[in-house]
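Welcome to this guided tour! Please open the structure in your viewer, show it as a cartoon, and get ready to select pieces one by one.

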Amino acid sequence: MRVPPGYSHNPQVPSPAPPQQARRGPGPMIGQPQSSHQQISAAQLAAQHQAALAERELAKRRARKPTDKTIPEGVEDIVPNARVYRELREMERRYDAAIMRKRLDIQDAVNRNVKNQKTMRIFVSNTAKDQPWQVSDRPLDENAFDFDTGQIPTFRVKIEGKLLDDEEGDAAERDPDSDLGLTPKNPNAPIPEKWKFSHFFKSIVVELDRSRDLHPDGNTIEWRKQAPNTQPATSALGLGGPAEFDGFEFERKGDDNIMCTIKLVRDEVPDRFRLSPALADLLDTQEDTRAGIVMKIWEYVRAHGLQDPDERRTINCNPPMRAIFNADRLYFPQIPELTLSHILPLEPITIPYLIRCDVASSMSPQIHDITVYTDDPIRHKMSAIIHSPTYATTLREIQSIDDHIAVLVQAINHSKAKRVFWRAMAEDPAEFVKRWVSSQKRDLDTLCGEAPGRMVEEEDVKRASLWKDKIGESVYLLLAKQRAG
């Protein structure tokens, strides 16, 4: 019989190991793969163990920490002043409820992002310089070849905007309670700085109506607001963004009267949108924010009783809503998504203006008043109250005082229990000891899980019978010894 290689008849002789395969081709030697997890040292294990023990100890302390701040009944009969503490607790409860309610109201007002409407008046004007009719009285050089004066006719257009004065609004920004007459008016109080013209617009575009071939320098002048911290200079200085301005002006070459179109793209936070004609008729508004649109739809639904009586989040559409959303029933959380197809970006404010070069200066004969939205000044004060750093410090201080009060109340409870115990014993020692022994016996039976009359009670009875005759004698000897001493 042919024995295969590596086979041995002797079980005590181990079989030879298979030969290692030769390494083929160039390449790095790859050792045994090491575990990706680093071995944790003994010091790290000890630190983790100590941290776990500390956390466990803190949990025990928190579990043992008293929380009850109510004085038990009967203390007022012993200490009459305890009634004052109860009244103070009731007053504190009312104050806490009022403060929490006001804080929630302030938080809701801050989240609503209420805007104030103001009117901005826009002025457009231009000046002409070095026009032919302006330099006609200058003498020409007789030796010049083309009799040119060397002056290039130009014009400069200026667009300015200013918020109209509002005495009541300015007074409200200085003092929100000025209309209540609580404090005397201070005429020397500083007036808050008003927003500038560029604050309300994302971009300003001026399109000149003239031939590009004759004026290759460009017929479109555009300014765009840069996002905060996009300029290297402002980022290095830590500024919030480019400086705002009250006027926008530019200069171009030309000696003819030119018609131009000024387009102002509003910058509002949050963004406002233009509603489709059908949705605008339904909500009786032409433009609003997305949150405002959803809120107006909700008000419309409630006013017309379109909520499903069983599922309050479902809306039973009436004919106007059915024509807009093409559905008989709507799920209210879907409203923001369904309104996306019915809102459009706001159209820019368009102002036509005739640039006159036949006069030294010209101003638009029309007054352009537009409505802008500003943040409510009270909202900033409310936000400062909510995010005040002193609020957290005050809460921690109040919490520490409450913990101290809970410890004192726990000590009062213990003192009252001791007083009740010793007073009951002083009034009737025999009956008290009897009740106390009976109570301890019931507790022992309960802990041992035994029913009355078995096991523990029988053992106690047997032991008591052994010492029953000696108890009276022992007590008599003890009392006689104390008297003699």
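**Stop 1**

Begin by selecting F273 and P345: in strand β11, P345 is the bridge partner of F273. Before going on, a word about what you are looking at: this is a predicted model, in which local features need pLDDT of at least 70 and side-chain atom pairs count only at pLDDT 80 or more, while totals for chains, interfaces and linings use all residues. Residues are numbered from 1 along each chain as its sequence is written, and side-chain values use heavy atoms, with hydrogens and water left out.

Two strands pair if DSSP finds at least two bridges between them.

Now colour β7 (residues 272-275) and β11 (residues 343-345), which pair in the antiparallel sense over three bridges.

Angles here run from 0 to 180 degrees between N-to-C directions, and axes are lines fitted to C-alpha atoms, for helices over the stretch in contact.

**Stop 1: some backbone details around the sheet**

Show the backbone of V269 and P270. A cis peptide bond joins them, with omega at about -5°. P270 sits in the loop between β6 and β7.

Then move to D284, in the loop between α6 (277-283) and β8. D284 has a positive phi of about 60°, although it is not a glycine. Is D284 buried or exposed? At 71% relative accessibility, D284 counts as exposed; the cut-offs are under 20% relative accessible area for buried, over 50% for exposed and partly exposed in between, using a 1.4 Å probe and protein chains only.

Now try N326, in the loop between α8 (319-325) and β10 (329-331). N326 is not a glycine either, and has a positive phi of about 55°. With 68% relative accessibility, N326 counts as exposed.

**Stop 3**

Select β3 (residues 201-208). How many of its eight residues are buried? Six are, and the strand is mostly covered.

Strand β6 (residues 258-266) runs antiparallel to β3, joined by seven bridges; F201 has R266 in β6 as its bridge partner. Strand β4 (residues 220-224) pairs with β3 in the antiparallel sense over five bridges, and there W223 is the bridge partner of I204.

**Stop 2: two packed helices**

Two packed helices are described by the angle between their axes and the distance between the axes. Select α3 (residues 82-112) and α10 (residues 377-386): they pack at an angle of about 130°, with their axes 9 Å apart. The two helices α3 and α10 are therefore oblique to each other, since angles under 35 degrees count as roughly parallel, over 145 as roughly antiparallel, 65 to 115 as roughly perpendicular and the rest as oblique.

Show side chains where the helices meet: R103, I106, Q107, A109 and V110 in α3 meet R379, M382, S383, I385 and I386 in α10. Contact means heavy atoms within 4.5 Å.

**Stop 3: one aspartate, then the whole chain**

Select D402 in helix α11 (residues 389-427). D402 counts as buried, at 15% relative accessibility. Leaving out residues up to four places away in sequence, D402 touches K69 and E92.

Finally, zoom out. The chain has 13 helices and 14 strands, and buried residues make up 22% of its 485 residues. Among contacts between residues at least 6 apart in sequence, 67% join residues at least 24 apart.

Definitions and conventions: Helix = DSSP H or I, 4+ residues; strand = E, 2+ residues; numbered from the N terminus.
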